[in-house]
Amino acid sequence: MFADELKTLRRLGFRHVLLQVLNFMSVLASGFMMWKGLGLVTNTESPIVVVLSGSMEPAFHRGDLLFLTNPLDQRYQAGDITVYKIPGADIPIVHRVLETHDGVTIKKGRIAASRIAHDQLLLTKGDNNYIDDLELYQGLEWLERQHIVGKVRGFLPYVGYVTIAMNDFPQLKYALLGGLGLLALVQRE
Amino acid sequence: MHTIYARINNTSAFLSSCVTALLVAIALSSLAFTADPKGQLAVASIQVHPGNARRYANKKQEFAFVNFNVSAGTHLVMSARAVSHVHACSKPDLSPLFNWNTKQLFLYLSAEYTDKKGVANEVVIWDRIVRRKEDALISTTGRNKYVFRELSASFRNIPPANYSLKYNVMPYVGVLTYGEAARTPQPVAFPELQSLS
Amino acid sequence: MSVVEACPHRLTQSQTLAMQAYLQQVFEGKIDFEGQKKVETLVRTVIIAATIGSFLLGFALQSLRITLGAFSIACVVLYLIVIPPWPMYRRHPVQWLQAKQGKVQ
């Protein structure tokens, strides 16, 4: 079975293998382009995120997919669900806004990139947590707009679980990548 | 489609596009439901007490304690007399917000006020998750779940605040929507500081 | 061949080859051209009908569970009908012409 594939590979020749590699890479590149394009349109560094923790249960569970936007000209409101990333923390957190205070700046002498919404202080809380996130802010008193990755606009359940599984079992990732690569190589048009 | 492998491959590819179409249709269908239930919210009393800030034990901070009545109903008569009797006569009901694509409602009660320096504040003081249509008859008398404090640490000279009950409809699949179910008819002033006796 | 040595009954080489061919046939599950056409139309109509039907059913009964349940049942049944090489897909084997004698050798 495997020898058969090798035989076809030999028959198709080196140029064909190169072509398939090129095809594979163009698929990867177009995926990356779509991702970055979506990021530009929604003004966020990662327009789609996977929920990793249960702190927003029962709204979001591990593996749910969230679609984010981060409109420049809109302020955040209490009740919005935000994804934020504290400098120094390795993973972003999805929590709901509990308090907003507009028109305050902590650091003086800085010019905001947008007319509004950049001098906003936020406090967040997970729906499944009893208290607010002050302990998660690593010494910060408030969240600022610069820490916010985006606002949750859309929701798709379970689909992101694949990535969690791949993180939990790295072998699965390599098996999947290897399998895909092999398929792309030996596939005839 | 000649081998099993090819059949599985082709069928699954077509199946996944149809599943996507189905999910998109479900997500879009919830836009067709445009229920906008309205109810009543009344602030019964507010007290302001002194305390210590959470992080800095020797920093003084004032905390407001709000008692409120919520009743959200769809068929309220908005006359002055009805408003005053609202807790007795309304059938509170947010259940029109539940359709086939509603996973849960996130209800939250927030206080909004703008201080004299122009800082606009919005603070959530109470929330509730409603997961079933049967539980969507909201009629509570409660007090704030979360600490209500002011940035300046004192509620002195802070203008009256508006209180509103808002909801976030969270779907099984699709777009999150927000709405407002009730609002206090006029702003409610913060009282003078009371010391704990 | 290592396969032959590993076999307890010491099959002859021709027997092994026949077995291999048979196994390959089972795993490949080839069907004829008419069968392929049948499968193609079946897959299209059933999946599209299941999508629309389950959506309407669920919407009418206001239950997402009914939608997804109906859809997945329809899909499982479809897979059972379409994936294995049932005899009904193999009723029209290709009629090869007789090899012309003497030319090829």
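A residue is called buried if 20 or more other C-beta atoms lie within 10 Å of its own, exposed if 12 or fewer do, and partly exposed in between, with the C-beta atoms placed from the backbone. By that definition, buried residues make up 14% of the 105 residues in chain C. This is a predicted model, in which local features need pLDDT of at least 70 and side-chain atom pairs count only at pLDDT 80 or more, while totals for chains, interfaces and linings use all residues. Residues are numbered from 1 along each chain as its sequence is written, and chains are lettered from A and ligands numbered from 1 in the order in which they are written.

**Chain C**
- Chain C has four helices and zero strands, where helices (H or I, at least four residues) and strands (E, at least two) are DSSP runs numbered from the N terminus.
- Among the contacts in chain C with a separation of 6 or more, 59% join residues 24 or more positions apart, a contact being two residues whose C-beta atoms, placed from the backbone, lie within 7 Å.

**Contact between chains A and B**
- Chain B contributes 26 residues to the contact and chain A contributes 20 residues.
- On the side of chain B that touches chain A, strands E3 (102–114), E4 (120–130), E7 (162–171) and E8 (174–175) of chain B each supply at least two residues, and E4(B) gives the most, with six residues.

**Strand pairing across the contact**
- Strand E4 (residues 93–102) of chain A runs antiparallel to E4(B), and four bridges join them; two strands pair if DSSP finds at least two bridges between them.
- The bridge partner of A:His101 in E4(B) is B:Asn121.
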